[in-house]
Amino acid sequence: MESPQRHLTPEQLCAAMLKRNDGQSISSFKKAIYDLADLGPLARVVVSDRKNRAITFYELADRPVHRHLYCTRCAGLAEVFDATLEQTIRQHFLTHGLMPAKADLALPGLCADCQVALAAEGRPAAEGVGPSAPARFNG
Ligand SMILES: [Zn+2]
Ligand SMILES: [Zn+2]
């Protein structure tokens with residue numbers, strides 16, 4: 001279904017490209033990635049990690065527009081293809097006179113594997129971090 005290397009940070013993209021090309025510097029690759037994201041061949045996926053910092057992944061915009069679910073524990077990205085949902089979102093953009101950008105804000109959560117792993121560690125899988133602890137995604 002989904003290749004694990006599909007969503008890459010600029011650093012990972014640069015590393016992958018450097019494996020195939022020599023003589024080009026990382027910074028010129030990075031500049032090229034930003035240009036490509038602006039022009040369209042690359043799409044951005046922004047996720048916020050457990051410390052609420054934003055990480056931007058890049059992917060080839062070779063698939064229908066889709067959304068992303070992000071596991072904050074293992075950093076796994078799952079892709080959601082929902083034509084009805086996309087149609088609805090697009091309609092909202094058009095209603096407000098906005099052109100949708102080739103970017104998605106991933107929705108954070110905990111994947112099935114990580115729920116099992118946390119349960120095995122004896123910690124509650126969901127939000128039950130304890131009444132005194134702040135919410136998982138705001139820390
Ligand atoms: Zn996970
Ligand atoms: Zn994607």
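Predicted model: local features only at pLDDT ≥ 70, side-chain atom pairs only at ≥ 80, totals over all residues.
Let's start inside. The largest nonpolar core has 11 residues in all, among them Leu13, Phe57, Tyr70 and Ala106. In general, nonpolar side chains tend to be buried together in soluble globular proteins. Which elements each supply at least two residues of this core? They are α2, β1 and β2, spanning 26-39, 42-48 and 54-60. Of the contributors, β1 gives the most, with 4 residues.

Ile33 is a handy member to look at, as it belongs to this core. If you skip its neighbours within four places in sequence, Ile33 is in contact with Pro10, Leu13, Leu42 and Tyr58.

Now for the sheet. This one is open, has 3 strands in the order β4-β3-β6, and shows mixed pairing. Because β4 and β6 stand at the edges with a single partner strand each, one side of each has no neighbour in the sheet. On average, neighbouring strands here are turned by 25° against each other, ignoring direction.

| Strand | Residues |
|---|---|
| β3 | 67-71 |
| β4 | 77-80 |
| β6 | 107-109 |

Zoom in on β3 and β4: they run antiparallel and are joined by 4 bridges. Leu69 stands opposite Ala78, which is in β4.

Finally, check out the loop between β3 and β4, where you'll find Ala75. Ala75 isn't a glycine, yet its phi is positive, at about 65°. Is Ala75 buried, exposed or partly exposed? Ala75 counts as partly exposed because 14 other C-beta atoms lie within 10 Å, while a buried residue would need 20 or more.

Methods
Residues numbered from 1 in each chain as written. Chains lettered and ligands numbered in written order. Core = buried A, V, L, I, M, F, W, Y, C linked by C-beta atoms within 7 Å. Buried ≥ 20, exposed ≤ 12 C-beta atoms within 10 Å, placed from the backbone. Contact = placed C-beta atoms within 7 Å. Pairing = 2+ DSSP bridges. Axes fitted to C-alpha atoms, helices over the stretch in contact; angles between N-to-C directions.
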